[in-house]
Amino acid sequence: MAIPTSRSKEAGSIHINDALCKGCGTCVAICSDQSLVLKNEKAFPSENPFFGCVGCGHCMAICPTGAITISGRTLNSNDFFDLPDKHNNPDYKQLMTLFERRRSIRNFKDKAVEPEIVQKILAAAQTAPMGLPPSDVHVMVLDSRSKTRAFAKDYCEFLEGYKWFVSNWFLALMRPFWGKSNDEMFRGFIKPLFKVYSEGFKNNRNLVNYDAPLAMYFYGSPFTDPADPLIAATYAMLAAESLGLGTCMLGAVHPMIQYGSKGRRFRERHGIKYSSREGLFVVFGYPVYTFKKGIKRSFADITYS
Ligand SMILES: Cc1cc2nc3c(=O)[nH]c(=O)nc-3n(C[C@H](O)[C@H](O)[C@H](O)COP(=O)(O)O)c2cc1C
């Protein structure tokens, strides 16, 4: 067994065409698994890899003569394509323009996001880096306003059944276990959030996902690096911005639907296949309002050690 993901538990297979290999050693140098060795100026699969080929495809993508074929771990030769021209890369200024113009958008026009735009966002998000190939990110898409609203309604009803979770007696009980910062977070944010969501919905205001015409939930499996869904969500967000959409990340749904039989039933109702350590919703749509200024942001700190 190689490094497991929900999609693949076997190592990739490495095939080297001896006639094509010129023994340049580039594949050996870039393989971080030590899956390849050079013997008598030819590349060979190694007998002592660290984990077994994870199917990152780097050796196949870098080989100057096309001597390497990797298969397995969902990878095959059709997954390799000619690189787009480097001159079409956005430069720093263009990227910064996209980043600086982005704002979290919570007011969306009642206009559907076209299916081809949805596909473009998904295609871009699939280029995101991942902890270990093949990507173990799962995506649940709600592609209409009625679907995001139905999801939000169900979520508010689901939270009603968890009111004890933010009750004063439970928070007092938990404080010695989860500490001061969590206690402050629950009392100052999570508890009021429960109220805001459910009262909002009763007053016909969907504050869970803002009646967006499109939402995507990026989540993992028990094998997924927790960062992977968040990185994919970020790529989706930026791709959508480049396509003229407004976006907003939503962190408040994922943690609540992970636990217990109620959480499992909620996930099942919405076709969410796994509970996972991290996950993130992103909502998308055409914005109602246009910001007139950018907002300068900063990190909490930057230290060099
Ligand atoms: C991880 C993450 C989770 C977020 N969760 C929510 C959320 O649940 N609801 C919401 O309205 N905004 C949410 N936001 C949006 C932030 O509140 C938003 O980034 C903040 O208002 C700053 O605005 P800006 O993105 O325009 O700089 C989230 C953002 C991030 C990065």
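Visitor: How far is an oxygen atom of the ligand from an N or O atom in the side chain of Arg-106?
Guide: Good place to start, and keep in mind that this is a predicted model. A polar contact is a pair of N or O atoms within 3.5 Å. The pair formed by a ligand oxygen atom and a side-chain N or O atom of Arg-106 is separated by 2.7 Å.

Visitor: How much of the ligand's accessible area does the protein cover?
Guide: On its own, the ligand has 620 Å² of accessible area. The part of this that the protein covers is 62%.

Visitor: Which strand gives the most to the shell around the ligand?
Guide: The residues surrounding the ligand include Cys-248, Met-249 and Leu-250. The strand made of residues 246-250 contributes three residues to the shell. That top contributor is strand E7.

Visitor: Which residue in E8 stands opposite Thr-247?
Guide: E7 pairs with strand E8 (residues 279-285) in the antiparallel sense, over five bridges. Across from Thr-247, the residue in E8 is Phe-284.

Visitor: What distance separates the centres of domain 1 and domain 2?
Guide: The domain assignment places domain 1 at 13-79 and domain 2 at 90-305. Taken over C-alpha atoms, their centres are separated by 38 Å.

Methods. Residues are numbered from 1 along each chain as its sequence is written. This is a predicted model: local features need pLDDT of at least 70, side-chain atom pairs count only at pLDDT 80 or more; totals for chains, interfaces and linings use all residues. Side-chain values use heavy atoms; hydrogens and water are left out. A residue is near a molecule or strand if one of its heavy atoms lies within 4 Å of it. A polar contact is a pair of N or O atoms within 3.5 Å; within protein, one must be able to donate a hydrogen and the other to accept it, and residues adjacent in sequence count only if both atoms are side-chain atoms. Accessible areas come from the Shrake-Rupley method with a 1.4 Å probe; for residues, only the protein chains shown count as cover. Helices (H or I, at least four residues) and strands (E, at least two) are DSSP runs, numbered from the N terminus. Domain bounds come from an automatic or database domain assignment. Two strands pair if DSSP finds at least two bridges between them.
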